[in-house]
Amino acid sequence: AMMIDPGDREHIQDITREMAQRDARVKAVLRQEPFVLFSSIPPFSFDPFIISVTDWVEHVTLAEKMERGMGTADKREIMKSLVAIVEAINRKKIVHRDLNPRNIIITDSGESKVMNFDYAKLKGSQTVVSALVGKADTYRALELIYYKPGAVIDYHADLYSLGVIFYELLCGKPLFRTWSDKLGLNRSSAKLDLSSFDGDPRRKGELNEALQLLLHEGYPQRDEGLRRLKKWLA
């Protein structure tokens with residue numbers, strides 16, 4: 001349920017209505033994909049709310065699954081599935097823009113699914129803004145928060161989010177403790193601390209380089225990071 005606050009300015013109410021409808025539009029484009037939870041009925045108004053109904057599957061969020069702990073093999077399988085999901089989303093010219101462990105679920109049968117496309121950017125469809133100005137979430141790429149007019153916002157933003165999520169998945173701790181930590185990493189060439197990851201020590205260097213590139217400000221570097229990560233996962 002998304003509340004339309006009658007006390008908000010009219011354009012804010014319009015933005016809220018647009019966000020409530022966008023999830024359904026994006027799911028329509030992704031209707032053939034197995035990683036999407038579909039809506040049985042379109043969003044409807046129940047003043048002052050817009051209600052969306054999504055089909056249910058038994059699941060836990062990725063955030064909950066990480067808290068419970070899992071083996072290295074399970075982590076790798078989740079990473080493989082999320083890479084495939086993000087590539088499929090981006091092939092449809094969609095940028096999720098809000099990937100984080102709360103918006104990813106793991107079903108009881110072990111399938112990964114992505115939720116909450118309210119902030120998604122769909123090519124050819126109305127988008128409130130190109131970025132998400134002011135939404136200082138540590139999983140989001142800097143270009144989504146510190147948007148420069150004319151900047152291209154595309155699938156590279158989702159690649160950055162994967163880098164942050166994968167570090168936390170592998171190491172069992174958030175990559176960033178404070179917002180200044182996030183800014184500092186993007187301005188530094190320091191290696192990530194993978195000491196808590198219990199995977200093959202001989203391949204930690206490959207993984208470190210792949211994650212660093214995914215977290216780079218440059219788009220070509222993120223593409224290279226994805227290529228190296230897929231090689232590491234193979």
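Predicted model: local features only at pLDDT ≥ 70, side-chain atom pairs only at ≥ 80, totals over all residues.
In which sense, left-handed or right-handed, does helix H7 cross helix H8?

The protein has 234 residues, of which 47% are buried. Its secondary structure amounts to 8 helices and 8 strands. Among contacts between residues at least 6 apart in sequence, 61% link residues at least 24 apart.

One place to begin is the sheet. Three strands make up an open sheet, arranged in the order E4-E6-E7 with antiparallel pairing. Strand E4 (59-61) and strand E7 (112-114) each have a single partner strand, so they stand at the edges and one side of each is left without a neighbour in the sheet. On average, and ignoring direction, neighbouring strands of this sheet are turned by 30 degrees against each other. Strand E6, residues 104-107, pairs with E7 through 3 bridges in the antiparallel sense. Ile-106 has Ser-112 in E7 as its bridge partner. Across E6 and E7 lies helix H3, residues 72-91, which runs at about 40 degrees to E7.

In soluble globular proteins, nonpolar side chains tend to be buried together. The largest nonpolar core here contains 55 residues, and Phe-166 and Leu-229 have the most contacts inside it. At least two residues of this core come from each of several elements, including H3, E6, helix H5 (156-171), helix H7 (204-214) and helix H8 (219-233). H5 provides the largest share, 11 residues. Another core, of 6 residues, lies apart from it and has Met-2, Ile-4, Met-19 and Ala-20 among its members.

Beyond its neighbours within four places in sequence, Leu-229 is in contact with Met-79, Val-83, Phe-166, Leu-207, Ala-210 and Leu-214.

H7 and H8 pack with their axes 7 Å apart, at an angle of about 150 degrees. Because of that angle, H7 is roughly antiparallel to H8. As for the sense of the crossing, H7 passes H8 in a left-handed manner.

Notes
Residues numbered from 1 in each chain as written. Heavy atoms only, no water. Pairing = 2+ DSSP bridges. Helix = DSSP H or I, 4+ residues; strand = E, 2+ residues; numbered from the N terminus. Axes fitted to C-alpha atoms, helices over the stretch in contact; angles between N-to-C directions. Contact = heavy atoms within 4.5 Å. Core = buried A, V, L, I, M, F, W, Y, C linked by side-chain atoms within 4.5 Å. Buried < 20%, exposed > 50% of the residue type's maximum accessible area, 1.4 Å probe, protein only. Parallel < 35°, antiparallel > 145°, perpendicular 65-115°, else oblique. Left-handed = near helix turned anticlockwise from the far one by under 90°.
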